[in-house]
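Here is a briefing on one protein chain. Look over the sequence and the model, then read the points below by topic.

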Amino acid sequence: MQHRRWRQLLRSRISAVRFLLACAICGIALGALLSAHVFPFYNVPSLSESLTHKLPKQHEMGYQRGRNELSWTQEFSPPQLSKVSSQLPQVPPPSVEKLDDANGILNYKKLWKSPPDRGFVPCVEPSESYSGPSESQGYLLVHTNGGLNQMRAGISDMVAVARIINATLVIPELDKRSFWQDSSNFSDVFDEEHFISNLANDVKVIKKLPKELATSTKAIKHFTSWSGVEYYQDEISHLWKDFQVIRAAKSDSRLANNNLPPDIQKLRCRAFFQALRFAPRIEALGKLLVERMRSYGPYIALHLRYEKDMLSFSGCTFGLSEEEADELTKIRENTAYWKVKEIDPIEQRSKGYCPLTPKEVGMFISALGYPSNTPLYIAAGEIYGGDSGMAELESRFPLLMNKEKLAAAEELEPFTSHASQMAALDYIVSVESDVFIPSYSGNMARAVEGHRRFLGHRKTITPDRKALVRLFDKVERGSLKDGKKLSDLVTQIHSRRQGSPRKRKGPTPGTKGKERFRSEEAFYENPLPDCLCRREVSNRNSTWPTA
């Protein structure tokens, strides 16, 4: 009898222990569920974690060559950033807004969640038949042209050209005569040593032309735009018979986007996404700007291409005064290398060829559903019209930040006179952002979108400018209200314009000649299928996604 009572007591104690363990497990699961819903977006992989060229960690930021050079081991938040923050409206951070019910949580997650990557990952390693650089036939000098990202694309293409024609590539010369008048050299913007070593198995790269060839006769060539391998093998390689040095007078769009050998396409990706790492001090400050921006929560990087050079070049003067329109027209007329002088601004805008104005951008982001306390990083130079030009955007989204607000004056001082270096800072913050929105499809927008695709198809919302200006004009006329109806229309139009995986677009049907190539989606804007492959292909006969 005593033995039976002992067994009953033992069973009751085991049952109690099981009950306590079950309660503990439920409590842990509930806590995990709540944390996933309330703080779902603060573990977004950062550029420093996912880029092949990793940005320095904060404890590694000790870049300092001499006593008079700026050290990057500075306080996390500069004094003027605290001052700016204190002047902003006191609104709750976006991480707690709209979390009052299940629908609010779902809406919030939808705003920030990247599209499914469908298993696509970078695949840029060369094929088994790929060998190291062949014996050099001569030297390729490159004069790049355009802004930062136009030069980056051109340099990457010239790496591939050097491989095709068996040339030794001399470190390219950056454009110092463009609209921006930037005196930066290659090593000021890019990590020169890394560029040379990273491409060692592809192309021999040297810093300077050998002294004995400095005064030699050079073949100066304007390579034909959007050319294939045959052009370089048949026409350009023959120049080695008479010349030891070939000079490329321009670098942009000298290679076709499509129909090149797979190993050449992969080399272009390795050059663009891996070899062209920014200079250490640019990467260090870029990392700090990202960290400071993230202190506000998930953020949108807005490439607001509403600067004087763009408005002058495109002839887009909608919403400007007659005096401002005349100023921009004179700039275009006096810039010799801008060939088109007569532009109809109304027609430009109606066709979607103009960047969205700050006011239109504010309407667009609001219509997408982002609350007014969403932090926006303005990736741009000086906005035309200054503070008055930004007033309507700021009235909708008070948390407007840029590198000038996030960094102390002494941190920015080494870069302020160099447009390419300043643009590189914006590039880093844009690639790292939770959402990227370009107001215009220029070189910067295309490069950032392509890089975000390469890193896992991070959310990039590309405005349909042609459709948007029609809607905004209806709002101005009073035939459409700026509210739910507008939001529903804008959301529907952009449901398939958020950076999901798809094959690079070919030429517009009916186009011919150069217009055919110009209408294609740029190679670096979308490196799929050449440089992105599925981890596992369950159905080999599956079709390419097109949305």
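Helices (H or I, at least four residues) and strands (E, at least two) are DSSP runs, numbered from the N terminus. This is a predicted model, in which local features need pLDDT of at least 70, side-chain atom pairs count only at pLDDT 80 or more, and totals for chains, interfaces and linings use all residues. Residues are numbered from 1 along each chain as its sequence is written, and side-chain values use heavy atoms, with hydrogens and water left out.

**Overall make-up**

- The protein chain holds 22 helices and 11 strands.
- Of its 547 residues, 50% count as buried. Buried means under 20% relative accessible area, exposed over 50%, and partly exposed in between (1.4 Å probe, protein chains only).
- Contact means heavy atoms within 4.5 Å. Among contacts in the protein chain between residues at least 6 apart in sequence, 79% join residues at least 24 apart.

- Two strands pair if DSSP finds at least two bridges between them.
- An open sheet of 5 strands runs in the order β4-β3-β2-β6-β5, and its pairing is parallel. Its edge strands are β4 (205-206) and β5 (219-221), each pairing on one side only.
- Strand β2 (residues 138-142) pairs with strand β6 (residues 245-248) in the parallel sense, over 4 bridges. Within this pair, V142 stands opposite A248 of β6.
- β2 is also joined to β3, by 3 bridges, and the two run parallel. Here Y139 has T168 of β3 as its bridge partner.
- 4 of the 5 residues of β2 are buried, so this strand is largely enclosed by the rest of the structure.

- Helix α5 (residues 148-164) lies across β2, β3 (167-170) and β6. It runs at about 165° to β2. Axes are lines fitted to C-alpha atoms, for helices over the stretch in contact, and angles run from 0 to 180 degrees between N-to-C directions.
- Q150 belongs to helix α5. Leaving aside neighbours within four places in sequence, Q150 is in contact with N145, D252 and N443.
- Q150 and M444 are 294 residues apart along the chain, yet their C-alpha atoms are separated by 7.9 Å.

**The sheet of 4 strands**

- A further open sheet has 4 strands in the order β9-β8-β7-β10, with parallel pairing. Its edge strands are β9 (400-401) and β10 (435-438), and each pairs on one side only.
- Strand β8 (residues 376-378) and β9 run parallel and are joined by 2 bridges. Y377 has M401 of β9 as its bridge partner.

**Helices α18 and α19**

- Two packed helices are described by the angle between their axes and the distance between the axes.
- The axes of helix α18 (residues 419-432) and helix α19 (residues 443-454) come within 9 Å and cross at roughly 40°. The contact is made by D426, Y427, S430, V431 and E432 of α18, with M444, A447, V448, H451 and R452 of α19.
- α18 and α19 are therefore oblique to each other. Angles under 35 degrees count as roughly parallel, over 145 as roughly antiparallel, 65 to 115 as roughly perpendicular and the rest as oblique.
- α18 passes α19 in a right-handed crossing. A crossing is left-handed if the near helix is turned anticlockwise from the far one by less than a right angle, and right-handed if clockwise.

**D309 in helix α11**

- D309 lies in helix α11 (residues 308-314). It is buried, with a relative accessible area of 9%.
- The side chains of D309 and R305 are joined by a polar contact of 2.8 Å. A polar contact is a pair of N or O atoms within 3.5 Å; within protein, one must be able to donate a hydrogen and the other to accept it, and residues adjacent in sequence count only if both atoms are side-chain atoms.

**Backbone points to check**

- R118 has a positive phi of about 55° although it is not a glycine. R118 sits in the loop between α4 (102-112) and β1 (120-122). It is partly exposed, with a relative accessible area of 36%.
- H457 also has a positive phi of about 55°, and it is not a glycine. H457 sits in the loop between α19 and α20 (465-477). At 0% relative accessibility, H457 counts as buried.
- The peptide bond from L528 to P529 is cis, with omega near 20°. P529 is in the loop between α22 (513-518) and β11 (532-534).
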